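Let's take a walk through a protein together, one stop at a time. Have a look at the picture first, and then read on.

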Amino acid sequence: MKQDLPKNRLATTDETGSRVYLYPAGVKGKYHSRKQWIHPLLMILFLVLPWIHVDGRQLLLLDISRREFFFFGLHFRAHDAPLLLFLLLGFTFLIGLVTAIWGRLWCGWACPQTVFTEAIFRRLESWIEGNHRERKALDEGSLTKEKIAKKTLKWALFCLASLVITHSFLAYFVGSRDLLKMSLSPPTENWTSFLVILGTTAVVLFDFGWFREQFCVIMCPYGRFQSVMLDSQSLVVAYDTKRGEPRRGQGGGDCVDCYRCVQVCPTGIDIRRGLQMECVACTACIDACDEVMAKIKKPSGLIRYTTLTELAGRKPKHLNTRALAYSLLLFVCLSALGFLLWNKNFLDVTVLRAAGTPYELIPSPSGTLILNHFLVDLSNQTGKSEMVEFSLSPETQKLGVELVMPRNPLPLAEDATARADFFLRFPQGVLRQGVKKIFFLLRSKQGPRELEVTLVGPGA
Ligand code: SF4
Ligand code: SF4
């Protein structure tokens, strides 16, 4: 294992470009101990969150097929796009801010790719196949009964873990209750869902069982953006070259060239070559090197969390311009979001003129009356059932306008949408140059609301 890594290609590819499978060694240390309780907590959060319902609503649901979004008690639909835009922008700027200050904290500590790989898949693998040397020897060895038994057990448990992850993952998008119903019914009743669950499980299994660090190194878009989001003030995992070099055998630096930091690295890199895109800041090399430093009675921290400014011996700036810019943008987004939420009416009402003839003339004993046909679209996002009643304002009634609505009041179940027809009948004299703006009233548990419509007739 003590060998220099290639300088002109990824550590996980050979000279032909094929994958070099990694066997990272286990590590113990202060960061590893912290992960022992942080990862299980995050795992429970990721897996359990989509199964929690409060007041009958899923706590977090992104139902793309119905274009509905439930976010901790709030209900959004497609027409709430501006709110969702600010929510997504705010999330993006938050990621930018966290990255500008704490670097790849998300990648190393909280990303599901890291959490599930470390807390479930690598753990199962070490438990069944042994440490990194034993795992490598098993893979390179001939096919024995022991190897078949170990591989069968490992992949069976991997399949089980992938099924659990897939169900929780899909529950965020299709709703946990619907998913449970589909999963418990025979595949013949719902082939599409069955195949989607099967396909997603296969992808999850492939990713966590085999692909692993390749996802972070070559696929993750967040990883690709690091070079533009980090600056010399951001927190990174780095090797202190001034202290470590020249290495043992070449001079009196603290690095004993033991390659322990390389052995434990899940992306197979040598952090002593400086900051690299493949580094997911998992801190394994910090723990590994601290262990070595303790053995040779040197201070810990040859590899540590630090900033490039500090490593270069420069004084850190008090104001990180990038972090300030992200904070400002985040503040603008949160303010806009707060404003929109504060003013949002969770009983959404849209009045449209019905397609076809804009008006009809109706002869009557008192003269010709005009009839306008409208549609009203209602979206109940209040979390309660509603009874919506339509009426005309007293001023409008005085003009002789009549409301004709087959179903009034209109019952609207919790989270339901409805469309209803209504007609406005009025004498021709109401119109001025063929048009007249009037108001009608809508009463619900949310309080009264006034809605404006335009009457049209001949001469409009
Ligand atoms: S673990 Fe520490 S001492 Fe060993 S090679 Fe890495 S940096 Fe040098
Ligand atoms: S270099 Fe260190 S922190 Fe970065 S991925 Fe490798 S072990 Fe983790």
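Setting aside the residues within four places of it in sequence, Ser444 is in contact with Leu347, Glu386, Met387 and Val388. You can find Ser444 in the loop between β15 (435-443) and β16 (449-456). Is Ser444 buried or exposed? A residue is called buried when 20 or more other C-beta atoms lie within 10 Å of its own. Ser444 has 21 other C-beta atoms within 10 Å, so Ser444 is buried. Now try tracing from Ser444 to Leu337: these two are 107 residues apart along the chain, and their C-alpha atoms are separated by 25 Å.

Before going further, keep in mind that this is a predicted model. Let's step back and take in the whole chain.

The protein chain has 16 helices and 16 strands. The chain is divided into domain 1 (30-229), domain 2 (236-311) and domain 3 (347-456). How far apart do the C-alpha centres of domain 2 and domain 3 lie? The answer is 72 Å. The overall dimensions are worth a look too: along its principal axes, the C-alpha trace spans about 110 × 60 × 40 Å. A compact globule of 460 residues would have a radius of gyration near 23 Å, whereas this protein chain has 32 Å. Of the 460 residues, 24% count as buried. If we take the contacts with a separation of 6 or more, residues 24 or more positions apart account for 68% of them.

Next, let's visit the two ligands. Around ligand 1 there are 15 residues, and the closest are Cys255, Cys258, Arg260, Cys261 and Cys289. Of the elements, α13 gives the most, with three residues. Sorted by class, the shell around ligand 1 has eleven nonpolar, one polar and three charged residues.

Ligand 2 is surrounded by 14 residues, and here the closest are Cys265, Ile271, Cys279, Cys282 and Cys285. How many charged residues does the shell around ligand 2 have? The shell has no charged residues; it has twelve nonpolar and two polar ones.

Some of these names come back in the next stop, the largest nonpolar core. This core has 38 residues, and Val237, Cys261, Ile271, Cys285 and Ile303 touch the most other members. Several elements each supply at least two residues of this core, among them α4 (112-129), α6 (145-174), α8 (191-211), β6 (236-239), α12 and α13. The largest share, five residues, comes from α13. Which domains does this core draw at least three residues from? Both domain 1 (30-229) and domain 2 (236-311) do this.

Another residue to look for is Arg104, in the loop between α2 (81-102) and α3 (105-110). Arg104 counts as buried because there are 25 C-beta neighbours inside 10 Å. Beyond the residues up to four places away in sequence, Arg104 touches Gln226, Val280 and Ala281. Arg104 and Gly223 are 119 residues apart in sequence, yet they are 8.4 Å apart in space, C-alpha to C-alpha.

Let's finish with some details of the backbone. The peptide bond from Glu245 to Pro246 is cis, with omega near -10°, and Pro246 lies in the loop between α11 (241-244) and α12. The peptide bond from Asn408 to Pro409 is cis as well, with omega near 5°. Look for Pro409 in the loop between β12 (402-404) and β13 (410-412).

Two residues have a positive phi although neither is a glycine: for Arg67 the angle is about 50°, and for Gln433 it is about 55°. Arg67 lies in the loop between β3 (60-63) and β4 (68-71), while Gln433 is found in the loop between β14 (417-427) and β15. Arg67 has 13 C-beta neighbours inside 10 Å, so Arg67 counts as partly exposed. Gln433 is exposed, because it has 7 other C-beta atoms within 10 Å.

Definitions and conventions. Residues are numbered from 1 along each chain as its sequence is written. Chains are lettered from A and ligands numbered from 1 in the order in which they are written. This is a predicted model: local features need pLDDT of at least 70, side-chain atom pairs count only at pLDDT 80 or more; totals for chains, interfaces and linings use all residues. Domain bounds come from an automatic or database domain assignment. A residue is near a molecule or strand if its C-beta atom, placed from the backbone, lies within 6 Å of it. Helices (H or I, at least four residues) and strands (E, at least two) are DSSP runs, numbered from the N terminus. Ala, Val, Leu, Ile, Met, Phe, Trp, Tyr, Cys and Pro count as nonpolar, Asp, Glu, Lys and Arg as charged, and the others, Gly among them, as polar. A nonpolar core is a set of buried Ala, Val, Leu, Ile, Met, Phe, Trp, Tyr and Cys residues joined through C-beta atoms within 7 Å. A residue is buried if 20 or more other C-beta atoms lie within 10 Å of its own, exposed if 12 or fewer, and partly exposed in between; C-beta atoms are placed from the backbone. The radius of gyration is taken over C-alpha atoms; the globule rule is 2.2 Å times the number of residues to the power 0.38. Two residues are in contact if their C-beta atoms, placed from the backbone, lie within 7 Å.
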